[in-house]
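The stops below are given as selections, each followed by what to look for.

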Amino acid sequence: MDLEITSDSILRMLAAQGVACDATRAQGYATALAQMLKGAAPGTAQLAFEEEPAGYLAEQRRNAP
Amino acid sequence: MKPEAILELSATELARAIREKRVTCVAAMEAALARMHAVHPRLNCLIRSDDEQGLAAAHLADRDLARGALRGPLHGVPMAHKDMYYRAGVVSTCGSRILRERPAPSTATALERLDTAGAIQFGVLNMAEFAFGPTGHNWHFGHCRNAWDPSRITGGSSSGSGTSIAARATFAALGSDTGGSIRLPAHFCGISGVKPTYGRVSRAGAMPLSFTLDTVGPLARTVEDCALLLRIIAGADPRDPTCDPRPVPDYVAALERPIAGLRIGRPRQYFYDDCDPEIAAILEASLEEFRRLGATVVDVDMPDIGPWNAAATMIITAEAAAYHGNWLRTRPGDYSAQVRGRLEQGLSVPAAAYLDALRLRGRVLRDFCAQVFSKVDLLHAPVVSFPTPTIAETDLSAGPETVAMLGKTTRLTRPGNYLGVPAVSLNAGFTRAGMPVGMQLLARPHDDAAALRAGHAFQRSTDWHRKAPAVS
């Protein structure tokens with residue numbers, strides 16, 4: 001996956017949430033966000049349609065000794 | 001008993017000595033306070049000490065004991081804790097400028113339970129700002145310094161807990177672990193710590209960072225102490241809906257079971273990638289000790305852990321940004337550049353990606369248990385793969401180098417948080433440069449007892465945990 005997230009889109013997103021940010025920081029966030037999304041992608045690509053966030057607690061109980 | 005001899009006792013040993021009236025609570029408190037004030041100028045481990053209150057409480061505890069009233073298993077044991085455990089009406093800075101003057105709204109359940117067990121709190125300890133940093137740097141209260149070499153990092157975020165326990169300035173301390181914040185200071189400072197199963201210990205009254213991943217746990221000199229403290233603080237709490245209702249096992253009694261026959265896994269992938277050879281050798285020697293104790297060491301294949309770290313990072317940054325949103329808007333200048341940068345980053349995480357990271361967690365735990373814990377009882381791994389850096393080397397503000405350094409530091413601990421499994425960290429030996437090296441023992445969810453039992457067996461047959469840094 002080749003992700004390109006621009007610093008401009010990050011700046012606008014933060015501004016919409018009321019947070020001021022400069023272009024240099026926004027560029028760093030854009031790069032880090034792209035890395036995070038790219039890094040998690042192989043995992044999330046395997047998710048079943050029905051998988052729920054609360055499924056974790058059920059697995060925790062099921063795998064306890 | 002002389003103060004130096006008192007300070008060499010573990011919390012368990014001190015509690016016994018107090019019960020048997022070989023040491024008074026006041027003598028223990030005076031020794032701890034004197035040591036804390038002696039080492040603080042060099043280690044910057046303390047945020048506030050409450051000497052008068054601590055001594056007054058110790059006098060009361062001695063009077064209670066004299067009339068036969070034993071409060072609990074920690075009667076009279078002095079402790080200081082990471083400054084993020086609230087006492088109603090008292091300031092908990094959480095290592096921040098923002099909370100420097102705000103009285104806490106409630107008292108932490110973990111503190112209430114330690115109070116009931118008889119422990120006496122005499123101060124609060126330095127920590128990473130809002131527990132959001134793995135090195136021990138704090139740009140508001142000053143960086144915490146390692147008792148083994150003050151030019152080097154303590155690890156974080158429970159930095160003051162780690163270095164003050166190593167320096168024998170407190171007998172135990174509460175820490176918290178969201179991405180490694182108990183295990184990292186335990187590794188860097190040569191002490192013991194337990195990150196419990198997610199949901200095992202109430203988070204009520206503890207500063208939140210990431211509700212999905214936050215865990216509350218103890219750091220101490222020995223695994224036995226950690227078992228004792230965990231037994232006291234664990235268990236259901238109506239104030240924390242994520243707290244698991246199942247009964248708390250007697251972790252201390254479970255320590256006595258032999259580990260012969262225990263299957264300990266050595267990961268074939270991931271945990272030893274680019275590992276410093278000296279650290280790998282120390283870890284291998286610790287496995288040899290486990291073999292000698294009758295455990296079986298089994299090489300195990302790991303699933304692909306890389307995506308989990310990315311998912312965990314998304315969860316932490318997004319949840320932390322939600323907690324801090326109002327202050328990011330109104331008081332951005334009151335954060336250090338590093339913490340502000342990481343929080344602002346969280347505001348950019350897409351909601352669907354965050355939810356996918358949560359959805360993935362159950363599947364990851366299921367697959368990990370099927371692949372790893374079907375073959376072994378514990379997974380044995382390094383905590384950190386590189387030699388302890390100096391404070392100056394890791395004193396980065398914000399930017400790409402910071403992201404890389406933070407990711408490298410938590411690379412081996414974050415998977416345990418994403419899985420939500422228990423992990424005990426303890427000293428496995430020392431480098432030629434004299435710096436401690438820790439191991440972590442990960443177990444199935446809610447099998448905290450197995451990891452504690454193995455760690456205790458290791459400490460019964462070795463003396464790494466007895467070694468203390470020079471304090472002068």
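**Stop 1**

Select helix α8 of chain B, residues 223–233: nine of its 11 residues are buried, so the helix is largely enclosed by the rest of the structure. Bear in mind throughout that this is a predicted model. To see the enclosed positions, colour B:V223, B:D225, B:C226, B:A227, B:L228, B:L229, B:L230, B:I232 and B:I233, which are the buried residues of α8(B). Then step on to B:G235, which follows α8(B) and has a positive phi, near 120°.

**Stop 2: helices α3 and α4**

Two packed helices are described by the angle between their axes and the distance between the axes. Show α3 (residues 25–43) and α4 (residues 51–66) of chain B, which pack at an angle of about 160° with their axes 8 Å apart. That angle makes α3(B) roughly antiparallel to α4(B). The crossing of the two, α3(B) and α4(B), is right-handed.

Which residues meet where α3(B) and α4(B) are in contact? On the α3(B) side, select B:C25, B:V26, B:M29, B:E30, B:L33 and B:H37. On the α4(B) side, their partners are B:D51, B:G54, B:L55, B:A58, B:H59, B:A61 and B:D62.

**Stop 3: aromatic pairs**

Over all chains, the structure holds 10 aromatic pairs. Start with B:F211 and B:Y323: the ring centres are 6.2 Å apart and the planes stand at 80°, so this pair is edge-to-face. B:F211 lies in the loop between β5 (192–195) and β6 (216–220) of chain B, and B:Y323 lies in helix α11 (residues 306–330) of chain B, so the pair ties together parts that are 112 residues apart in sequence. B:F211 is partly exposed, at 36% relative accessible area. B:Y323 is also partly exposed, with 35% relative accessibility.

Next select B:W308 and B:F368, whose ring centres are 5.7 Å apart with planes at 75°, so this pair is edge-to-face. Here B:W308 belongs to helix α11 of chain B and B:F368 to helix α13 (residues 351–373) of chain B, so the pair ties together parts 60 residues apart in sequence. Are these two residues, B:W308 and B:F368, buried or exposed? Both B:W308 and B:F368 are buried.

Finish this stop with B:F130, B:W327 and B:Y335, which ring pairs link into a cluster.

**Stop 4: charges over rings**

Select B:K408 with B:F386: the charged end of B:K408 sits over the ring of B:F386, 4.6 Å from its centre. Then move to B:R411, which lies over the face of B:Y270 at 3.9 Å from the ring centre.

Note on methods. Residues are numbered from 1 along each chain as its sequence is written. Chains are lettered from A and ligands numbered from 1 in the order in which they are written. This is a predicted model: local features need pLDDT of at least 70, side-chain atom pairs count only at pLDDT 80 or more; totals for chains, interfaces and linings use all residues. Side-chain values use heavy atoms; hydrogens and water are left out. Rings of Phe, Tyr and Trp (its six-membered ring) pair if their centres lie within 6.5 Å; planes under 30 degrees apart count as stacked, over 60 as edge-to-face and the rest as tilted. Helices (H or I, at least four residues) and strands (E, at least two) are DSSP runs, numbered from the N terminus. Buried means under 20% relative accessible area, exposed over 50%, partly exposed in between (1.4 Å probe, protein chains only). A charge sits over a ring if NZ of Lys or CZ of Arg is within 6 Å of the ring centre and within 35 degrees of the ring normal. Axes are lines fitted to C-alpha atoms, for helices over the stretch in contact, and angles run from 0 to 180 degrees between N-to-C directions. Angles under 35 degrees count as roughly parallel, over 145 as roughly antiparallel, 65 to 115 as roughly perpendicular and the rest as oblique. A crossing is left-handed if the near helix is turned anticlockwise from the far one by less than a right angle, and right-handed if clockwise. Contact means heavy atoms within 4.5 Å.
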